[in-house]
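Hi,

Here's the structure I promised to pass on. Have a look at it first, then read my notes below.

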Amino acid sequence: MSTTTDRPTPIDTRTKLVGLLGRPLGHSFSPAMHNRAFQALGLNYCYLPIEVTTEDLATVAAGIAKMNFAGYNVTIPHKIRIMDCLDSIDPLAQAIGAVNTVTIRNGRTTGFNTDGIGFAHALEAAGESSVENKSVLILGAGGAARAIAMTLADQGATRIVICNRTESKAWDLSRDVNQQGRECATAIPLGAANMANALQDTDILINTTSIGMHPQDQQSPIANRLIQRHLVVCDIVYNPPLTHLLKVAQEKGCRIVRGIGMLVYQGAASFQLWTGRDAPVDIMRHAIHP
Ligand code: NAP
């Protein structure tokens, strides 16, 4: 049995390891967030950053599966390539086409993707009980957009509209959502008139582009005048914690959802997969944003 404690758990032969495979990892909040959570629940786990090159990924993944690891996270640039190194892949991760969490049970590895679930939980924590019957506009069509779009389709969003700088990628993503998820997605070309039109029927606006990320703090993916009060406005950029887009939305009276929420809840979902325990989300949030 474990208890809530502030004492670090000593590392011994029973310690379960978890880690983060990626390169570079200098900026990652995950080790601090997870180690603080293990410590708070008195769990004998330790989270390690493991920088690994693309050439060495398969060898490292095979070695880890033979060690005392409960699993690991995977980040840029390995989220797609790791899929070739695993024994099985969860259907949602398969539809997304990328894995960010691996569990190891009895030497068998399974890949999951908790990014979209993390976003959905952050939305819920901000007071949006469900995306069912909701219309969503996603700005961007990269890896994070893919995870969010597939997850929200899976959770019953009525309509998902995707708008991206490279328009063909928006159409590709909407086609994949319709074919591998549920028939609910479409794309629109970039441009204020198209955006204004789409926003009239939108409940939830989500920025998944990197626009607004530090040091471009003053940039926004959408003109200020297009933000309307009825929208729930979400930005998955977490540095700065309150992006320019979110500041404007807040000033206009919109409900806002910050990127830190997704970061914490995707980590919480990974934590639950490894330990079988509910994650201490407030402690994890405090570890990355005191
Ligand atoms: P990605 O796969 O590289 O996708 C980047 C997206 O941003 C693409 O749609 C790209 O459009 C668009 N974009 C980039 N620069 C742009 C510009 N100057 N003008 C217009 N569009 C631009 O990256 P990702 O993994 O999806 O991550 C995207 C952002 O989300 C990053 O800031 C990342 O830190 C953040 N993120 C946050 C969390 C979280 O937990 N909160 C999780 C994952 C990612 P093109 O297709 O035209 O290139």
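A polar contact here is a pair of N or O atoms within 3.5 Å; inside the protein, one must be able to donate a hydrogen and the other to accept it, and residues adjacent in sequence count only if both atoms are side-chain atoms. By that rule, a ligand oxygen is 2.9 Å from a polar backbone atom of glycine 143. Ligand oxygens also lie 2.9 Å from a side-chain N or O atom of arginine 165 and 2.5 Å from one in the side chain of threonine 166. On its own the ligand exposes 920 Å², and the protein buries 72% of that (Shrake-Rupley areas, 1.4 Å probe).

Some background: this is a predicted model, where local features need pLDDT of at least 70 and side-chain atom pairs pLDDT 80 or more, while totals for chains, interfaces and linings use all residues. Residues are numbered from 1 along each chain as its sequence is written, and side-chain values use heavy atoms, without hydrogens or water.

Back to the ligand: 20 residues surround it (a heavy atom within 4 Å), and Asn164 and Ile236 are among the closest. Helix 9 (259–275) gives the most to this shell, with three residues (helices are DSSP runs of H or I, at least four residues, and strands are runs of E, at least two, numbered from the N terminus).

Cheers
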